[in-house]
Amino acid sequence: MAWLVTHMWVALVATGFFAVLLGWSARGIRLIGAVRKARVERDVAQTELGQAREEIEKLYAAQRRTPATASHAPDPRVAQLTAQLEKAMTELNALKSAPKIVLPPSAVAAKAATAQAAASEEPTVAWRNRHLEARVKHLETQLAEQAAALETAKAAPVEVT
């Protein structure tokens, strides 16, 4: 009887050992595909990382080569508006700094008569000054908006896709 029990235990241990060996082998066979897939994904990620690094380095190199003012070149309208603004400002300052002449009363009356005659032909200097001041304010507002847009474009972070 002892002999039979001993043989049963030996057969049970041998069967267990072969079952563990077979299970371990099957697990290894299934893992081979997962390992291959993981290696491919790792290689793809490394390639993408290398390409992203190269692209970022190119962008930084291009940014270092160009000065900050040249990287965001203003459009030609800004230059045109600036020139118009400067022209209007110099004309306004010339009109404001024109010497004031004190005229005798008879000359004032003569000048008033000529001014009334000229008023029907062309706009007065006061209207022209108001128009130029309004134009200067308008151009300054446009220039400030363009400068603000330029600053926000400079401050925006560079996104790499």
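**The chain as a whole**

The protein chain has 5 helices and 0 strands, so that, read from the N terminus on, its elements follow the order α-α-α-α-α. Of the 161 residues in the protein chain, 5% are buried, and the chain exposes about 13800 Å², of which carbon and sulfur atoms supply 65%.

**Confidence**

The average pLDDT of the protein chain is 83, and 83% of the residues score at least 70. Confidence is highest in helix 1, with a mean of 92, and lowest in helix 2 (residues 68-71), with a mean of 51. Where pLDDT is low, the predicted coordinates should not be read in detail.

**Salt bridges**

Side chains of opposite charge can pair when their charged atoms come close. The count for this model is 2 salt bridges. In another, E91 pairs with R128, and their closest N and O atoms are 2.5 Å apart. Because E91 lies in helix 3 (residues 76-96) and R128 in helix 5 (residues 125-155), this pair ties together parts that are 37 residues apart in sequence.

The table gives the relative accessible areas of the residues in these bridges.

| Residue | Relative accessible area | Class |
|---|---|---|
| E91 | 24% | partly exposed |
| R128 | 45% | partly exposed |

**Nonpolar and aromatic side chains**

On the surface, M1, V5, W9 and L12 form a nonpolar patch whose accessible area is about 500 Å² together. One of these residues, L12, is found in helix 1 (residues 2-65), and L12 counts as exposed because its relative accessibility is 53%, which is over the 50% cut-off.

How many aromatic pairs does a search of the whole structure find? The search finds 1, and this pair is formed by F17 and F18, whose ring centres lie 5.8 Å apart, with 65° between the planes, an arrangement described as edge-to-face. Both partners are exposed, F17 with a relative accessible area of 53% and F18 with 54%.

Note on methods:
Residues numbered from 1 in each chain as written. Predicted model: local features only at pLDDT ≥ 70, side-chain atom pairs only at ≥ 80, totals over all residues. Heavy atoms only, no water. Patch = residues over 30% accessible without salt bridge, like charges linked within 9 Å, V, L, I, M, F, W, Y side chains within 5 Å. Areas by Shrake-Rupley, 256 points an atom, 1.4 Å probe, with all protein chains shown as cover. Salt bridge = Lys/Arg side-chain N within 4 Å of Asp/Glu carboxyl O. Helix = DSSP H or I, 4+ residues; strand = E, 2+ residues; numbered from the N terminus. Buried < 20%, exposed > 50% of the residue type's maximum accessible area, 1.4 Å probe, protein only. Phe/Tyr/Trp six-rings, centres within 6.5 Å; stacked < 30°, edge-to-face > 60°. pLDDT = per-residue confidence, 0-100.
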